[in-house]
Amino acid sequence: MARTAFLGLGVMGYPMAGHLKTKGGHEVTVYNRTAAKAAAWVAQFKGVEASTPREAATGQDFVFACVGNDDDLRQVTLGPNGAFAGMSKGSVFVDHTTASADVARELKSAADALGIGFVDAPVSGGQAGAENGVLTVMCGGDPAIYARAEPVIAAYARACRLMGPAGSGQLAKMVNQICIAGLVQGLAEGVHFAKSAGLDVNAVIETISKGAAQSWQMENRYKTMDAGQFDFGFAVDWMRKDLSICLAEARRNGAQLPVTALVDQFYAEVQKMGGARWDTSSLIARLK
Ligand code: NAP
């Protein structure tokens with residue numbers, strides 16, 4: 001059993017912190033910027049509530065975070081009220097935010113200077129994956145630090161793997177998002193075409209999902225896409241944040257991402273249609 005803190009009780013962090021307590025059996029102190037959520041978590045899971053990241057992180061073996069973007073992450077880690085100011089030498093910070101590889105390397109250097117371990121550990125699997133404790137976790141960091149963190153992360157992970165040095169977890173998550181972007185557009189076009197051709201969409205997709213066109217998105221999203229329902233998880237705003245991270249990284253490493261760049265623009269159109277909080281399958285709404 002470890003002493004832990006969790007910073008950021010959003011859609012993902014709330015259930016992840018819950019699994020640390022109930023499945024992992026760890027001591028958990030939580031911090032959330034909006035205190036009401038931390039109070040609700042403590043009422044449900046019987047942990048401890050802290051009023052700053054520093055207070056939450058003080059005296060813990062592991063500190064976890066799952067906040068929004070690079071700047072949010074800097075706000076909860078750095079500065080006088082940040083988690084790093086409270087952490088002891090030898091403790092480990094694990095970041096589950098989807099952020100840039102740059103900020104992971106920046107925080108790893110800051111942590112190194114303080115004798116703190118740092119693992120960038122973005123997740124895939126969405127809200128359902130977090131609630132069911134079956135996330136996929138892609139990590140970057142030092143192998144010895146990762147080896148200590150992995151059994152604790154196991155409370156909410158189905159798969160967890162070290163990809164390389166600091167920033168590698170974020171780079172792996174970029175691959176994940178690049179693979180999803182083009183695929184969702186392809187699925188949207190397929191469903192749109194089936195309808196335009198006067199086919200029975202259910203019959204078509206149920207049949208082709210048994211063949212080479214099969215995908216998680218096809219199995220889990222085609223019905224709701226066809227029905228114009230877009231309230232099933234990862235929001236367009238978040239996806240645009242992730243794709244902008246991918247495109248910036250590609251400008252640096254020379255990778256060509258023409259379809260990813262195009263789909264990012266399609267998501268910008270969905271935002272203009274009022275779909276900023278719709279889930280990522282809403283690409284089909286542009287085609288109607
Ligand atoms: P969310 O529901 O919007 O929650 C964000 C959390 O971060 C909230 O607890 C928020 O606090 C906190 N936060 C944001 N900015 C902060 C700041 N400057 N200082 C302190 N706390 C701050 O988001 P989410 O869906 O849980 O996503 C969290 C991260 O996981 C994002 O990087 C996202 O891309 C990634 N992710 C999400 C999914 C998904 O399906 N949702 C899947 C994979 C990865 P408040 O309560 O005060 O706003």
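Predicted model: local features only at pLDDT ≥ 70, side-chain atom pairs only at ≥ 80, totals over all residues.

Trainee: Which residues of the largest nonpolar core touch the most other members?

Mentor: They are Phe 6, Val 30, Phe 64 and Tyr 156, out of 33 residues in that core. Elements that each supply at least two residues of this core include helix 1 (13-22), strand 2 (27-31), strand 4 (62-65) and helix 8 (143-153).

Trainee: And which element gives the most to this core?

Mentor: Helix 8 does, with five residues.

Trainee: Turning to the ligand, which residues come nearest?

Mentor: Asn 32, Thr 34, Lys 37, Gln 75 and Lys 241, among the 24 residues around the ligand. For Lys 37, an N or O atom of the side chain is 2.6 Å from an oxygen atom of the ligand.

Trainee: What about Thr 98 and Trp 238?

Mentor: A polar backbone atom of Thr 98 is 3.1 Å from a ligand oxygen. With Trp 238, a side-chain N or O atom is 3.5 Å from an oxygen of the ligand.

Trainee: How much of the ligand's accessible area does the protein cover?

Mentor: The protein covers 90% of the 900 Å² that the ligand has on its own.

Trainee: Where does the largest share of the shell come from?

Mentor: From helix 4, with three residues. The shell residues divide into nine nonpolar, ten polar and five charged.

Note on methods: Residues numbered from 1 in each chain as written. Heavy atoms only, no water. Core = buried A, V, L, I, M, F, W, Y, C linked by side-chain atoms within 4.5 Å. Buried < 20%, exposed > 50% of the residue type's maximum accessible area, 1.4 Å probe, protein only. Helix = DSSP H or I, 4+ residues; strand = E, 2+ residues; numbered from the N terminus. Near = heavy atom within 4 Å. Polar contact = N/O pair within 3.5 Å; in protein donor to acceptor, adjacent residues only side chain to side chain. Areas by Shrake-Rupley, 256 points an atom, 1.4 Å probe, with all protein chains shown as cover. Nonpolar A, V, L, I, M, F, W, Y, C, P; charged D, E, K, R; others polar.
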